[in-house]
Amino acid sequence: MFARPHLLGIEPLHPTEITALLDRAQHYAEGARAGTRPEPVLAGLTQVNMFFENSTRTQASFEIAGKRLGADVMSMAMQASSLAKGETLIDTALTLNAMRPDLLVVRHPHAGAVDLLAQKVTCAVLNAGDGRHEHPTQALLDALTIRRAKGRLHRLTVAICGDIAHSRVARSNLILLGKMENRVRLVGPPTLMPPEVAALGVEVTDDMAAGLKDADVVMMLRLQKERMDGAFIPSEREYYHRFGLDAAKLAHAKPDAIVMHPGPMNRGVEIDGTLADDINRSVIQEQVEMGVAVRMAAMDLLAGARARAR
Ligand code: NCD
């Protein structure tokens with residue numbers, strides 16, 4: 001069902017593994033809503049969070065998920081200044097590994113850094129975002145949110161809009177949604193499309209009306225300025241006018257289309273604030289809620305199951 005040592009990306013996963021993860025997460029989400037305490041499947045295990053990049057919701061979500069399942073959780077404050085050329089990162093990993101953690105949750109600004117680290121340690125590693133490469137738990141929580149709202153996770157039209165080029169969220173989602181046989185459209189200015197976009201086999205447009213036409217899901221992305229060197233858009237005002245999601249642009253999507261955003265959002269830049277708060281259309285808060293459930297499921301399947309088998 002799910003017999004991997006690590007969760008480094010969506011790329012290697014089989015659709016049945018994705019479904020197994022989502023089913024387990026759904027179980028935890030239902031339990032949380034019903035107010036029941038989950039089995040402490042991570043009791044006696046040590047989880048270390050190493051975030052080499054800023055994070056609010058992902059770090060908090062992994063921490064809460066571990067604690068709900070009974071793990072001993074430690075979050076290390078990794079300062080951006082002490083960052084991390086290859087060797088330093090591996091040294092840090094080896095030092096930590098010697099303390100024998102069971103789960104290592106890592107976010108790093110360089111694509112591939114988490115994979116490299118996973119090769120050096122003996123515990124389960126979860127990728128909490130590496131550069132513009134992958135953010136697997138985000139794509140899984142988005143998938144669970146979509147599955148709950150739409151009743152299925154296949155044959156849907158999903159428009160992913162905005163700064164695709166710098167977004168690991170877009171990349172992981174694109175891979176996952178493709179594996180589950182959905183139709184994905186990328187919408188944004190050509191300057192924010194990745195160079196390899198033609199090879200991705202998805203529809204690409206710089207016109208929001210065309211991109212959102214009959215979409216079931218509209219997923220907005222943040223302008224990731226920390227990964228931009230130079231100006232990619234004329235101005236934020238201009239960007240909002242053409243690509244910011246408001247009620248008028250959303251009218252091109254299906255009447256029951258849901259609105260998503262991984263956060264943190266820039267209201268009035270990529271999305272209208274009132275629309276983001278509209279509980280009839282926006283599932284942004286549910287995404288955060290599903291984030292905890294998905295991380296519980298991922299850590300349970302990676303470490304809890306292994307500990308039970310011992
Ligand atoms: C995303 C990330 O860090 O990649 N945020 C998140 O994990 N919720 C998206 C972003 O930073 O824009």
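Analyst: What follows covers the ligand site and then a few backbone points. Keep in mind that this is a predicted model.

User: Which residues are around the ligand?

Analyst: The residues around the ligand are Arg57, Thr58, Arg107, His135, Gln138, Arg168, Val169, Arg222, Pro262, Gly263 and Pro264.

User: How many of the shell residues are nonpolar, polar and charged?

Analyst: The shell around the ligand has three nonpolar, four polar and four charged residues.

User: What does the side chain of Arg222 do with an oxygen atom of the ligand, in terms of distance?

Analyst: A side-chain N or O atom of Arg222 is 2.7 Å from an oxygen atom of the ligand. For Thr58, the distance from a side-chain N or O atom to a ligand oxygen is 2.9 Å. Gln138 has a polar side-chain atom 3.5 Å from a nitrogen atom of the ligand.

User: And how much of the ligand's accessible area does the protein cover?

Analyst: On its own the ligand has 320 Å² of accessible area, and the protein covers 94% of that.

User: Which pocket is that space?

Analyst: The ligand takes up the space of the largest pocket.

User: Which elements give two or more residues to the shell?

Analyst: Those are helix 2 (57–68) and helix 6 (168–179).

User: OK, backbone now. Where is there a cis peptide bond?

Analyst: Between Gly263 and Pro264, with omega at about -5°. Both Gly263 and Pro264 are also among the residues around the ligand.

User: Where does Pro264 lie?

Analyst: Pro264 is in the loop that runs between strand 9 (258–260) and helix 10 (273–276).

User: Which residue has a positive phi although it is not a glycine?

Analyst: Arg100 is one of them, with phi at about 55°. Arg155 is another non-glycine with a positive phi, at about 50°.

User: Where are they? Take Arg100 first.

Analyst: Arg100 sits in the loop between helix 3 (86–98) and strand 3 (103–108). Arg155 is in the loop between helix 5 (136–150) and strand 5 (157–161).

User: Is Arg100 buried or exposed?

Analyst: Exposed: the relative accessible area of Arg100 is 65%, and the cut-off for exposed is over 50%.

User: And Arg155, buried or exposed?

Analyst: Arg155 counts as exposed because its relative accessibility is 68%.

Technical notes. Residues numbered from 1 in each chain as written. Predicted model: local features only at pLDDT ≥ 70, side-chain atom pairs only at ≥ 80, totals over all residues. Heavy atoms only, no water. Near = heavy atom within 4 Å. Polar contact = N/O pair within 3.5 Å; in protein donor to acceptor, adjacent residues only side chain to side chain. Areas by Shrake-Rupley, 256 points an atom, 1.4 Å probe, with all protein chains shown as cover. 1 Å grid on protein atoms, 1.4 Å probe; cavity = no way out; pocket = protein on both sides within 12 Å on 5 of 7 lines; lining within 4 Å. Sits in = over half its atoms within 2 Å of the grid points. Helix = DSSP H or I, 4+ residues; strand = E, 2+ residues; numbered from the N terminus. Nonpolar A, V, L, I, M, F, W, Y, C, P; charged D, E, K, R; others polar. Buried < 20%, exposed > 50% of the residue type's maximum accessible area, 1.4 Å probe, protein only.
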